[in-house]
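Trainee: I have a new model to read. Please show me how to go through its features.

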Amino acid sequence: MAHSVKAVVVMEKDAPASVTTIIVPDPGPGEALVDILTCGVCHTDLHYKQGGISDDYPFLLGHEATGVVNAVGPGVTEVKAGDRVILNWRAVCGECRACRRGEAQYCFNTHNATQKMTLEDGTELSPALGIGAFAEKTLVDAGQCTKVDPEADPAAVGLLGCGIMAGIGAAINTGNVRRGDSVAVIGCGGVGIAAIAGSKLAGATTIIAVDIDDRKLELAKGLGATHTINSTETDPVEAIRGLTDGNGANVVIDAVGRPETYKQAFYARDLAGTVVLVGVPTPDMTLELPLLDVFGRGGSLKSSWYGDCLPSRDFPMLVSQYRQGNLNLDAFVTERITLDQVEEAFHKMHDGAVLRSVVEL
């Protein structure tokens, strides 16, 4: 049986994202059919729309989602019909060299549903990050479903499916922020502010937010920043050192992903400190640093993919922290919208007017 549902599709590069009818098949072996409840509008969806990911149009957008399992295919044991789930794009294989050495968060063979969702005329769709959740229903690999507390607000916890998890994980997983640490976060969009929230959750006592927009710095203070720096007015490296007894921060997180912000992060950390790059550079960007400085300053230079997240480990824990009042995911939900408002939400995102627009179905 196939299901005819409404979904947001982009047909070609830079074309408007529009609501259309798609066909979603019943789940086959290892697959799950999910009724979508909410889906955040993420920068990655905009990259798909603009051709920054690939040119495999048409794309079925949306990936930062919660839903209820409608049905599962043969062989599925992880979830069952009726389970509330957060969707993720890291369905670990359990067999690759990373999984075999106990580091499934780096799985090199993540996978998606085998069957294709299509337009009504049979044209196959490319689902964003193997999910495609700006839709009433979607088809995913069952490993992309993580069961969570059904009492949690789906609009809030669904953001763990991508950007918010990337930021929190950059702090607690990649950066290994510990109690009493000093942390600086450069770039206070959704990912950067999530890194601030993650640093607070981990027990950091000095949390410095850096941005060029005072509106974002105010939001950062509400999510855990103890100090703010507008880098158009103050040298951020000197300011961060000034707030850390002249030493630099234990962990500096670059949530922008540009050579100039990375250099700021590199020189704003303490000796033997850690730099975490979670902002995504463009293919044309290059970095030049004196090799003696790389050697002499010691410490760690890390990249954070999806916050080094293992959904089965991290999602339930963070939802529990949210339910206990220790992690304010509600603050990331700027507005709740409908499917036909996704294109408008992209414009608001570009203008920096929202942390997250969340589609409710």
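**Aromatic pairs**

Mentor: Start with the rings; there are four aromatic pairs by the rule used here. Keep in mind that this is a predicted model.

Trainee: How do I read the pair of Tyr 48 and Phe 59: what is the distance of the centres, and what is the angle of the planes?

Mentor: A pair of aromatic rings is described by the distance of the centres and the angle of the planes. For Tyr 48 and Phe 59, the centres are 5.0 Å apart and the planes stand at 65°. Over 60 degrees counts as edge-to-face, so that is what this pair is.

Trainee: Which parts does the pair tie together?

Mentor: Tyr 48 sits in helix 1 (residues 43-50), and Phe 59 sits in strand 4 (residues 59-60). The pair therefore ties together parts eleven residues apart in sequence.

Trainee: Is Tyr 48 buried or exposed? And Phe 59, buried or exposed?

Mentor: Buried means under 20% relative accessible area. Tyr 48 has 7% relative accessibility, so it counts as buried. Phe 59 is buried too, at 1%. Ring pairs also bring in Tyr 57, which forms a cluster with Tyr 48 and Phe 59.

Trainee: Now the sheet. What is the order of its five strands?

Mentor: Strands of a sheet pair through backbone hydrogen bonds, either parallel or antiparallel. Here an open sheet has the order 7-2-1-4-8, with mixed pairing. Strand 7 (118-119) and strand 8 (126-127) are the edge strands, each pairing on one side only.

Trainee: How many bridges join strand 1 to strand 2?

Mentor: Eight, between residues 2-10 and residues 18-25, and the two strands run antiparallel. Take His 3: its bridge partner in strand 2 is Val 24.

Terms used:
Residues are numbered from 1 along each chain as its sequence is written. This is a predicted model: local features need pLDDT of at least 70, side-chain atom pairs count only at pLDDT 80 or more; totals for chains, interfaces and linings use all residues. Side-chain values use heavy atoms; hydrogens and water are left out. Rings of Phe, Tyr and Trp (its six-membered ring) pair if their centres lie within 6.5 Å; planes under 30 degrees apart count as stacked, over 60 as edge-to-face and the rest as tilted. Helices (H or I, at least four residues) and strands (E, at least two) are DSSP runs, numbered from the N terminus. Buried means under 20% relative accessible area, exposed over 50%, partly exposed in between (1.4 Å probe, protein chains only). Two strands pair if DSSP finds at least two bridges between them.
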